[in-house]
Amino acid sequence: MVERNPMLEKMRRGEPVLGCQVRSRSPLVAELLAYSGLDYVFIEGEHFVHNIETVENQIRAIQLGGAVPVVRIPSHEDGLILQVLEAGVMGVIFPHIDNREQAEHAVRQVKYSPLGERGFGDGARASKFGFIPTAAYIEHVNQNVMVIGMVESREGLRNLDDILQSGIDVLRIGAKDLSMDMGYGGMVTAEVREAIEAACRKIRDSHVILGDAGLGGLRSLEEFRQVRALGCRMFTIGSDMAVLKQGVEGKHRAFEEWKAAQ
């Protein structure tokens with residue numbers, strides 16, 4: 001049986017999807033998050049250390065829990081891209097897409113001919129170790145495995161029109177990196193927000209799906225509506241480590257208040 005990508009199907013219909021990052025390298029946590037009803041679980045391989053076997057085990061756990069596995073890779077290295085694909089990931093997030101050439105390279109490495117130039121192997125986990133017929137597997141990859149680019153610089157914004165013509169499936173805006181590049185030290189100032197919103201509108205009105213814009217969207221209904229109006233469809237509640245930290249800090253504060261009040 002060839003599995004579809006319900007996350008991509010929802011976004012193609014214009015619906016928002018919700019996910020959570022996994023930074024802890026734990027397949028158990030990845031599986032728990034998937035069982036919680038999220039559309040996708042996002043393995044954070046850029047800013048947190050993961051090896052390919054850990055990524056493969058997390059992908060397996062996420063799929064077992066019923067969510068779509070997505071991984072952000074630390075570089076655009078061809079061998080690394082192929083390894084996470086063969087492990088069965090359904091979406092690869094490419095950081096720092098600054099121009100059309102980089103975006104086209106990402107598409108070539110993820111998609112099979114005629115859409116790309118991905119090297120073919122029919123015995124890895126992604127093809128169920130060869131149990132999926134070759135023609136069906138190639139069609140499945142080209143229709144369901146997402147190329148997700150991140151625009152995170154002024155150069156990327158300048159080249160956005162060209163990037164949108166690359167064949168990429170989804171674009172996200174890296175707000176904090178863009179802020180750093182604009183000289184604002186990671187703060188989303190009015191100028192940064194203006195640049196992001198202009199980029200969002202351009203992506204929204206194109207054939208490319210707009211993912212996350214780095215403007216939040218989950219702190220209130222009003223904020224959610226504002227971000228949705230910009231066209232964003234890919235929402236993230238944070239990370240496993242952030243949720244754990246917030247939960248522990250909140251319980252600790254309550255405990256100290258209760259002690260003082262007794």
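In the predicted model, strand β6 (residues 170-173) is covered on both faces: Val170 and Arg172 on one side, and Leu171 and Ile173 on the other, are all buried. Buried here denotes under 20% relative accessible area, exposed over 50%, and partly exposed the range in between, with a 1.4 Å probe and protein chains only. Strands (E, at least two residues) and helices (H or I, at least four) are DSSP runs numbered from the N terminus. Residues are numbered from 1 along each chain as its sequence is written. Local features need pLDDT of at least 70 and side-chain atom pairs count only at pLDDT 80 or more, while totals for chains, interfaces and linings use all residues, and side-chain values use heavy atoms, with hydrogens and water left out.

Strand β6 has a partner on each of two sides. Strand β5 (residues 146-151) runs parallel to β6 and is joined to it by 4 bridges, and Ile148 has Val170 as its bridge partner in β6. Strand β7 (residues 209-210) is also parallel to β6, with 2 bridges between them; here Leu171 stands opposite Leu210. Two strands are taken to pair if DSSP finds at least two bridges between them. The open sheet has 8 strands with parallel pairing, in the order β7-β6-β5-β4-β3-β2-β1-β8. Its edge strands, β7 and β8 (234-239), each pair on one side only. Helix α12 (residues 240-261) packs on the sheet, where it touches β1 (17-22) and β8, and its direction makes about 55 degrees with that of β8. Contact means heavy atoms within 4.5 Å; axes are lines fitted to C-alpha atoms, for helices over the stretch in contact, and angles run from 0 to 180 degrees between N-to-C directions.

Within β8 lies Ser239, which counts as buried because its relative accessibility is 2%. Apart from neighbours within four places in sequence, Ser239 is in contact with Cys20, Gln21 and Arg23.

Helices α2 (residues 27-35) and α3 (residues 52-65) have axes that come within 7 Å and cross at roughly 25 degrees. The two helices are therefore roughly parallel to each other, a term for angles under 35 degrees, with over 145 roughly antiparallel, 65 to 115 roughly perpendicular and the rest oblique. In this contact, Pro27, Ala30, Glu31, Ala34 and Tyr35 of α2 meet Asn57, Gln58, Ala61, Ile62, Leu64 and Gly65 of α3. By class, the residues comprise 7 nonpolar, 3 polar and 1 charged; Ala, Val, Leu, Ile, Met, Phe, Trp, Tyr, Cys and Pro count as nonpolar, Asp, Glu, Lys and Arg as charged, and the others, Gly among them, as polar.

Helix α6 (residues 134-144) has as its buried residues Tyr137, His140, Val141, Asn142 and Asn144. These residues pack against α1 (6-12), α4 (78-86), α5 and β5. Val110 is located in α5 (residues 100-110) and counts as buried, because its relative accessibility is 0%. Not counting residues up to four places away in sequence, Val110 touches Ile81, Leu85, Phe94, Arg118, Val141, Val145 and Val147. The C-alpha atoms of Val110 and Asn142 are separated by 8.2 Å, with the two residues 32 apart along the chain.
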